[in-house]
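Here is a short briefing to read alongside the structure. Please keep the viewer open as you go through the points.

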2 protein chains.
Amino acid sequence: MAMNKFNVFHWHIVDDQSFPYLSRTFPQLSQQGSYHPYTHVYTPADVKMVIEFARLRGIRVIPEFDTPGHTQSWEKLSHKKMNLTLNPILNTTYDFMKQFFMEVSSVFPDAYVHLGGDEVDFTCWKSNPDIKKFMDQQGFGQDYSKLESFYIQKLLDIVTTTKKGYMIWQEVFDNGVKLKPDTVVHVWIGGGSNEEMGKVTAAGYTTILSAPWYLDYISYGQDWQRYYKVEPLNFNGTEAQKKLVIGGEACLWGEYVDGTNLTPRLWPRASAVAERLWSAKEVTDINDAFNRLSMHRCRMVERGIPAEPLFSSYCPREYKGV
Amino acid sequence: MAMNKFNVFHWHIVDDQSFPYLSRTFPQLSQQGSYHPYTHVYTPADVKMVIEFARLRGIRVIPEFDTPGHTQSWEKLSHKKMNLTLNPILNTTYDFMKQFFMEVSSVFPDAYVHLGGDEVDFTCWKSNPDIKKFMDQQGFGQDYSKLESFYIQKLLDIVTTTKKGYMIWQEVFDNGVKLKPDTVVHVWIGGGSNEEMGKVTAAGYTTILSAPWYLDYISYGQDWQRYYKVEPLNFNGTEAQKKLVIGGEACLWGEYVDGTNLTPRLWPRASAVAERLWSAKEVTDINDAFNRLSMHRCRMVERGIPAEPLFSSYCPREYKGV
């Protein structure tokens, strides 16, 4: 990351499939929810090492604990051991979250945590008669996004008490949750992301753009060019609005990626995003970029990083494993 | 390859971009045509090692020296040092080929060589007035595929004198070149490959199918399923015709691949092709296949082969580099 001038590591550390974060407060979470409780977890020592390794290279580490969606791995615990579930009408849920994010705030030194809030599936809530009743009492009708907002609002208040700022995915903003003024809104949905950027910045929030840079969507050919050609400020808005765009993020989601293919899939495709984000709007020559990126790719290869080729080419020193 | 029951390594050893094969007879070919004449060549010792490594695992090695197309790297030599060009009207071309394939026949022990013959671009020939004159004399008119056939016919005769059988890409058959009865025709063009399989086998030639298994065409998602679902004998033809299909081949072309990403891109996607080719027509359950392939993928990972995940999952022992 440092070789490519990336300076924030957004660590999407848990998801539906697995909860590898070993919590000191709730060790059962990874005990029940990780792929394997000993071989497939991030221990407190692992997490410290990652943060320190990053710090020495000028990289911030922002962890994401995404709720209330993408929590199948959390819920393994709830079904088995505790009366926890991401049930937004129970006080125990918020008691749990309070303790959990207290821990998170002490483990991760960065001023921000990422709270997720994307892609919430309401099936589970809809099947619960108590939740239905609660919806009626609150006057939410059939609008489960109102219930989601109710949950998120309480979560944000909890995290605020830990003295952390927060990032959230765009849905939380879209659903009209009341946000602290320093909230970072993370725009990810591909279609209409320019419109979304306009809306978020018009509301005065700082913003990070990821939508055009989902590196998990692979395709045949030089797809780095598509990432490179994006102009992140290409939305309708005032100069003041554009200043609220504090950066962009290359996302490599893990559904088809692990230690076997992470590095070549990430580099040098992410390098193209980095150059775009650090370059003036006017720097758009794709052939120039190809030459620079090819050279940079060979630099990585020479240092033992298996960055894949941009196109047919060769490096003075090829990768032979480290 | 052995772990996945692949038993022929089709070594596409030279191409437009580079001529890494170090020929004892014409060392200038790789001297002029390789990416780098010392660091990016296959020396005679390298080639021997590959062949022996494969032999010990029951794998045949068939080299491809593709002409008259895909020869930009050969022609670097012709322009600089010798009066060689892949000019089909010069006797020197055939003298060269004769010597070259004499060497090839002694270096590679397999009974077959692959002679290519695909994707011939006629631009160069069209620009040559002598060739135009020759075309008139032969009565070829404007049909350059006739000139191509003329060339290939002479090449096949040359290779026959070396006592080798040959494989060729489907275009050679399509263009009506007279082939030895034991020729293997390699079907690769995606659209209408079933029709092509019907035609080739109706003409009595043994055939290998590659068209559905071009692993360089990557896409988002579980594309192994697409490879798995192919039924290679799904063309109109008699039982006798179907018996002529002697196998299939997973092709991983190198335009976006080198040592940094070869292994995870190849495996386990090629494993899906292997299972299809070794399975009865009736074995089609994709969930069963997923379970088998996942387990097999972990077997590879455990042996230090960075085969990428088929989908979100984990192995008891993950890849951590070798």
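## A link within chain A

A:R269 and A:D223 form a salt bridge, with their closest N and O atoms 2.9 Å apart. A:R269 belongs to helix α13 (residues 269–278) of chain A, while A:D223 sits in the loop between β6 (206–209) and α10 (224–228) of chain A, so this pair ties together parts that are 46 residues apart in sequence. Please bear in mind that this is a predicted model. Over all chains, the count of salt bridges comes to twelve.

**Chain A as a whole**

- Chain A is built with 14 helices and seven strands.
- The radius of gyration of chain A is 21 Å, which agrees with the value near 20 Å that a compact globule of 322 residues would have.

**How the two copies are arranged**

- Chain A superposes on chain B through a rotation of 180° with 0.0 Å of shift along the axis, and the RMSD is 0.0 Å.
- The two copies are thus related as by a two-fold rotation axis.
- Within chain A, the residue that comes closest to the rotation axis is A:S219, with its C-alpha at 2.4 Å.

**The surface they share**

- Chain A gives 37 residues to the contact, and chain B gives 37 residues.
- Of the interface residues of chain A, 100% are also interface residues in chain B, so the copies meet through the same surface.
- Between them, chain A and chain B bury about 3000 Å², with 57% of it on carbon and sulfur atoms.
- On the side of chain A, the residues that lose the most area to chain B are A:Y220, A:Y256 and A:T260, which together account for 26% of what that side buries.

**Polar and charged pairs across the interface**

- Side chains of opposite charge can pair when their charged atoms come close.
- Four salt bridges are found across the interface of chain A and chain B.
- One salt bridge joins the side chains of A:R265 and B:E308, at 3.2 Å from N to O.
- Between chain A and chain B, 19 residue pairs are in polar contact, counting pairs with both residues at pLDDT 80 or more.
- The elements of chain A that give two or more residues to the side touching chain B are α12 (262–266) and α14 (286–302).
- That side of chain A divides into 18 nonpolar, twelve polar and seven charged residues.

Note on methods:
Residues are numbered from 1 along each chain as its sequence is written. Chains are lettered from A and ligands numbered from 1 in the order in which they are written. This is a predicted model: local features need pLDDT of at least 70, side-chain atom pairs count only at pLDDT 80 or more; totals for chains, interfaces and linings use all residues. Side-chain values use heavy atoms; hydrogens and water are left out. Copies are superposed by least squares on the C-alpha atoms of residues with pLDDT of at least 70 in both. Contact means heavy atoms within 4.5 Å. Buried area is the accessible area (1.4 Å probe) that two parts lose on being put together, summed over both. A polar contact is a pair of N or O atoms within 3.5 Å; within protein, one must be able to donate a hydrogen and the other to accept it, and residues adjacent in sequence count only if both atoms are side-chain atoms. Helices (H or I, at least four residues) and strands (E, at least two) are DSSP runs, numbered from the N terminus. Ala, Val, Leu, Ile, Met, Phe, Trp, Tyr, Cys and Pro count as nonpolar, Asp, Glu, Lys and Arg as charged, and the others, Gly among them, as polar. The radius of gyration is taken over C-alpha atoms; the globule rule is 2.2 Å times the number of residues to the power 0.38.
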